Amino acid sequence: MAFNEAFKAIADPNRRKILSLLKKGDLTAGEIAEHFDMQKPSVSHHLKILKQADLVEDRRVGQHIYYSLNTTVFQDLMSWFYDILQKEGDES
């Protein structure tokens, strides 16, 4: 897992908002764009960065591409945070 890309991806508030939207369910790029005051190519750029960091997955259904959270990556990040916060010698 490339933590650097994941941290870089979530550093941007627009991408964090996209992740929050996807937490509620899968959305198309157009549906995501409705929540922003930016052009669709900008939304696509943010989605590309999230995909490169493996935070978001996409799947084609007919003419539409649906985006969803990759929860496995979030679990890896949480595990890493837990390990960092764990005190040396603390087995709990």
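Two salt bridges: that is the count here, taking a salt bridge as a side-chain nitrogen of Lys or Arg within 4 Å of a carboxyl oxygen of Asp or Glu. Before I go through them, a word on the model. It is predicted, so local features need pLDDT of at least 70 and side-chain atom pairs count only at pLDDT 80 or more, while totals for chains, interfaces and linings use all residues. Residues are numbered from 1 along each chain as its sequence is written, and side-chain values use heavy atoms, with hydrogens and water left out.

Back to the bridges. One joins R59 and D26, with the closest N and O atoms 2.8 Å apart. R59 is in strand 2 and D26 is in the loop between helix 2 and strand 1, so this pair ties together parts 33 residues apart in sequence. R59 is partly exposed at 42% relative accessibility. D26 is partly exposed too, at 34%. On the cut-offs: buried means under 20% relative accessible area, exposed over 50%, and partly exposed in between, with a 1.4 Å probe and protein chains only.

K51 and D58 make a salt bridge as well, at 2.8 Å from N to O. K51 is partly exposed, with 31% relative accessibility. D58 comes in at 35%, again partly exposed.

Now the overall layout. The protein has five helices and three strands. These are DSSP runs numbered from the N terminus: helices are H or I with at least four residues, strands are E with at least two. Along the sequence the order is α-α-β-α-α-β-β-α. The C-alpha trace spans about 55 × 25 × 20 Å along its principal axes. Of the 92 residues, 28% are buried.

On to the strands. Strands pair if DSSP finds at least two bridges between them. Strand 2, residues 56–61, and strand 3, residues 64–69, run antiparallel and are joined by six bridges. Strand 1, residues 27–28, also pairs with strand 3 in the antiparallel sense, over two bridges.

Which residue in strand 3 is the bridge partner of R59? Y66 is. Y66 is also the bridge partner of T28.

Y67 brings in G25. The C-alpha atoms of G25 and Y67 are separated by 8.7 Å, although the two residues are 42 apart along the chain. G25 sits in the loop between helix 2 and strand 1. Its relative accessibility is 25%, which counts as partly exposed.

Two positive phi values deserve a look. In the hairpin of strands 2 and 3, with two residues between the strands, G62 has a positive phi near 65 degrees. D54 also has a positive phi near 65 degrees, and D54 is not a glycine. D54 lies in the loop between helix 4, residues 40–52, and strand 2. It is partly exposed, with a relative accessible area of 44%.

Next, the rings. A pair of aromatic rings is described by the distance of the centres and the angle of the planes. Rings of Phe, Tyr and Trp, the last by its six-membered ring, pair if their centres lie within 6.5 Å; planes under 30 degrees apart are stacked, over 60 edge-to-face, and the rest tilted. The whole structure has three aromatic pairs. One of them is F7 with F81: edge-to-face, 5.9 Å centre to centre, 80 degrees between the planes. F7 is in helix 1 and F81 in helix 5, residues 71–85, so the pair ties together parts 74 residues apart in sequence. F7 is partly exposed at 29%, and F81 is partly exposed at 35%. Ring pairs link F7, W80 and F81 into a cluster.

One more ring: F36. The charged end of K17 sits over it, 4.8 Å from the ring centre. The rule here is NZ of Lys or CZ of Arg within 6 Å of the ring centre and within 35 degrees of the ring normal.

Last stop: D12. Where does D12 lie? It is in the loop between helix 1, residues 3–10, and helix 2, residues 13–23. D12 is buried but has no salt bridge; R15, the nearest side chain of opposite charge, is 4.3 Å away. For charge, Lys and Arg count as positive, Asp and Glu as negative, and His and the chain ends are not counted. A polar atom of the D12 side chain does lie 2.8 Å from the backbone nitrogen of N14.

Definitions and conventions
Polar contact = N/O pair within 3.5 Å; in protein donor to acceptor, adjacent residues only side chain to side chain.
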